[in-house]
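Please look at the sequence and the model before reading on.

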Amino acid sequence: MLLPLLLALSPAPGPVITNGPVVAVLENRRQPKPDGLDEVQPVATVRVVGQVVGQLMGALRIGPGTIDSVLQVVEMDPSNPYPEVLLSSFTGDAHCCNDTRVLTSSPDGRRWFEVRRDPVNGGPSGVSDPLGNGRYLLVDVDNRFLYQFASYAGSSAPSQIWQLNGPRFRDISHQPAVLPLHRRRLQEMESWFQQPADQRTEANGFLAAWVATKALVGEFDSGWRRMLGLYDRRSDWGLTSCEAGYNDKGECRQPEKRYADFPAALRAFLRRTGYLPAAAQLSPGRSWSGSPGPGR
């Protein structure tokens, strides 16, 4: 068995990864165009015992050069007899997008099909075995926090963990089994508090992610209390929210909602995104520090 490899595509076909009877071959397919801006696409061809069982077509890019991609053959779903093949590639443009596709088999191993993850911010990334149990997971960040209370550069986000279950990816971020990953994330975030106050730029972008992560490990109340003493009262980023969604013209379907301050906006956002503890939902008029909540 070969370990997962992170591969930067070269113009020629060639990289091969083998895991048991599953073999994946990666190539960079190029289609020349008259204007010189070729179409380039990574393609992974998958064979089992020499027979082709499927292909994964990565992001199509137009322009010179190659596409950075990740190809892995690893165990993502133990309910079937074969390891999965993952191809992740980058669509291009600022802050977008990670195109991740997985080829997996049915429980009896007779049928292979593709499972695609919704595009998210960032370049290509693979899966890992962060719990050390042999099952590979997609560990990413919750993209809903990006731009919510700060600029992209000033935003932070809690970890979001995805597990492949048959024909779909399942968000297991709130399951007890992944608590060690959220505690590790909290440790990484602690350095922010060691900075001088004048260097904590766009504090609300960080604090939103930190409070959410504290909620994931069952420490919401203490996180909320600490946030109340640190948030930037001058920032109005995220105080206006289109909660009804946008139409095809990019217009909010209903009038946007305006919140009085960051704690009020954060409380509503964490409720909408599932981070608000059940106990807090029973007392909508109180803050989680036990004092009258914002907006009362």
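The model shown here is predicted. Begin with the link between Cys242 and Cys252, which is right-handed, with 100° about the S-S bond. Cys242 and Cys252 both lie in the loop between β13 (240-241) and β14 (257-258), so the pair ties together parts that are 10 residues apart in sequence. The sulfur atoms of Cys242 and Cys252 are 2.1 Å apart, and the two residues form a disulfide. A disulfide is a covalent bond between the sulfur atoms of two cysteines. The structure holds one such disulfide.

Are the two cysteines buried or exposed? Cys242 has 15% relative accessibility and counts as buried, because the cut-off for buried is under 20%. Cys252 has 23% relative accessibility and therefore counts as partly exposed.

Turn next to the helices. Two packed helices are described by the angle between their axes and the distance between the axes. Here helix α2 (residues 203-216) packs with helix α4 (residues 262-272) at an angle of about 45°, and their axes are 11 Å apart. That angle makes α2 oblique to α4. The crossing of α2 and α4 is right-handed.

Which residues of α2 and α4 meet? From α2 come Asn204, Ala208, Val211 and Ala212, and they meet Phe262, Leu266 and Leu270 in α4. Sorted by class, this contact of α2 with α4 has six nonpolar residues, one polar residue and no charged residues.

Conventions: Residues are numbered from 1 along each chain as its sequence is written. This is a predicted model: local features need pLDDT of at least 70, side-chain atom pairs count only at pLDDT 80 or more; totals for chains, interfaces and linings use all residues. Side-chain values use heavy atoms; hydrogens and water are left out. A disulfide is a pair of cysteine sulfur atoms within 2.5 Å. Helices (H or I, at least four residues) and strands (E, at least two) are DSSP runs, numbered from the N terminus. Buried means under 20% relative accessible area, exposed over 50%, partly exposed in between (1.4 Å probe, protein chains only). Axes are lines fitted to C-alpha atoms, for helices over the stretch in contact, and angles run from 0 to 180 degrees between N-to-C directions. Angles under 35 degrees count as roughly parallel, over 145 as roughly antiparallel, 65 to 115 as roughly perpendicular and the rest as oblique. A crossing is left-handed if the near helix is turned anticlockwise from the far one by less than a right angle, and right-handed if clockwise. Contact means heavy atoms within 4.5 Å. Ala, Val, Leu, Ile, Met, Phe, Trp, Tyr, Cys and Pro count as nonpolar, Asp, Glu, Lys and Arg as charged, and the others, Gly among them, as polar.
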